[in-house]
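Subject: Structure handover

Hi,

Here is the structure I promised to pass on. Please open it alongside this note.

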Amino acid sequence: MKTSPVVTVTVDEQHLDLDGRRRTHRVVRPADPAPDAVLVLALHGSNQDGAKLRRSSGGTFDALAADHGAVVVYPDAHGGLWNDARRSIPGRARAEGVDDVGFLTAVLDQVADRYGLADRRAVVAGYSNGGQMALRLLFQTSGRLRGVVLFGAALPTPDDLVVEDRGDRVPITVVQGTKDPIVPFAGGTVSLFGFRPRGTVLPAPESARRLARRNGADDEPVTSELPGRTARTTVSVTRYGGAAPVTLYTVEGGGHVVPNRTTRAIPLLGRTTRTVDGGELVWELVEGAH
């Protein structure tokens, strides 16, 4: 991965009032972002907030601000759960009809205006419930995304998908562990360790295939193994070509985590590979989209 000179980052906590609610987001940025700085929207999983995602992912997305001058935004869901793309998602946001698509696009506008960014599009990195929210953004917005990176999230089965896909074709990366205890790699029911079912998803390879077909890929994918073995995991990469490529990183033995070089997830969530790094995968997508 190419790197720029390392800079000191600043962390701001900001607020946005929308639909009668005060919502919070944190911004990790260089002291003086360049006008062409890349916007990264990092969406946390269920029962988290942006601060917890920063910690649990080992600062891997913060590194994009330090190493590449990106502006990284960590919004908080209402009540700890995003009103995502699934029909069966529980929580206050769904019960109250919270417009999280409207909230997140408003956050991007606010951040772009505040720091003078020329491009209001973002790369969205979504973990778990945040990955499902990233899919909702993908399907329901136009002209707002550079690309999407999903960690521990797969396409809902058609009967559980609550939105129609009318979004742009943008590059997509899917990162999934074969031993994920929350989102089964082979597809099926998403649950919190067997409790509180949250709908059904397609197998990770089928999710990638359908997303590639959505993006107009017409070639057979190419799969390769990455060198190295860490935390008893190995990683293979399946790439679908085209103008908006789709890439699947299969973490053999990996759990329900954002892979990073510094912080292991709690054992209940499974193994954290260090063969790949979440922030580096986001930047790989950014560089490939140029």
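Below is what I found, by region. Keep in mind that this is a predicted model.

**Helix 4**

Helix 4 covers residues 100-115. At 1.5 Å a residue, its 16 residues should span 22 Å, and the end C-alpha atoms are 22 Å apart, so the two agree. The helix is mostly covered, with 12 of its 16 residues buried. Among them are D100, V101, G102, F103, L104 and Y115. The N-terminal end is capped by D99. There, a side-chain oxygen of D99 lies 3.4 Å from the backbone nitrogen of V101. G116 follows helix 4 and has a positive phi, near 65°.

**Surface patch**

A nonpolar patch on the surface is formed by F193, F195, I266 and L268. Together they have about 440 Å² of accessible area. F195 sits in the loop between strand 8 (188-189) and strand 9 (200-201). Its relative accessible area is 61%; the cut-off for exposed is over 50%, so F195 counts as exposed.

**Positive phi outside glycine**

Two residues to look at here. D19 is not a glycine, yet its phi is positive, near 55°. D19 lies in the loop between strand 1 (9-18) and strand 2 (21-30). It is exposed, at 57% relative accessible area.

N47 is not a glycine either, and its phi is about 60°. N47 is in the loop between strand 3 (39-43) and helix 1 (50-56). With a relative accessible area of 49%, N47 is partly exposed.

Best wishes

Terms used. Residues are numbered from 1 along each chain as its sequence is written. This is a predicted model: local features need pLDDT of at least 70, side-chain atom pairs count only at pLDDT 80 or more; totals for chains, interfaces and linings use all residues. Side-chain values use heavy atoms; hydrogens and water are left out. Helices (H or I, at least four residues) and strands (E, at least two) are DSSP runs, numbered from the N terminus. The expected span of a helix is 1.5 Å times one less than its number of residues. Buried means under 20% relative accessible area, exposed over 50%, partly exposed in between (1.4 Å probe, protein chains only). A polar contact is a pair of N or O atoms within 3.5 Å; within protein, one must be able to donate a hydrogen and the other to accept it, and residues adjacent in sequence count only if both atoms are side-chain atoms. Patches are made of residues with over 30% relative accessible area and no salt bridge: like charges are joined within 9 Å, nonpolar side chains (Val, Leu, Ile, Met, Phe, Trp, Tyr) within 5 Å. Accessible areas come from the Shrake-Rupley method with a 1.4 Å probe; for residues, only the protein chains shown count as cover. A salt bridge is a side-chain nitrogen of Lys or Arg within 4 Å of a carboxyl oxygen of Asp or Glu.
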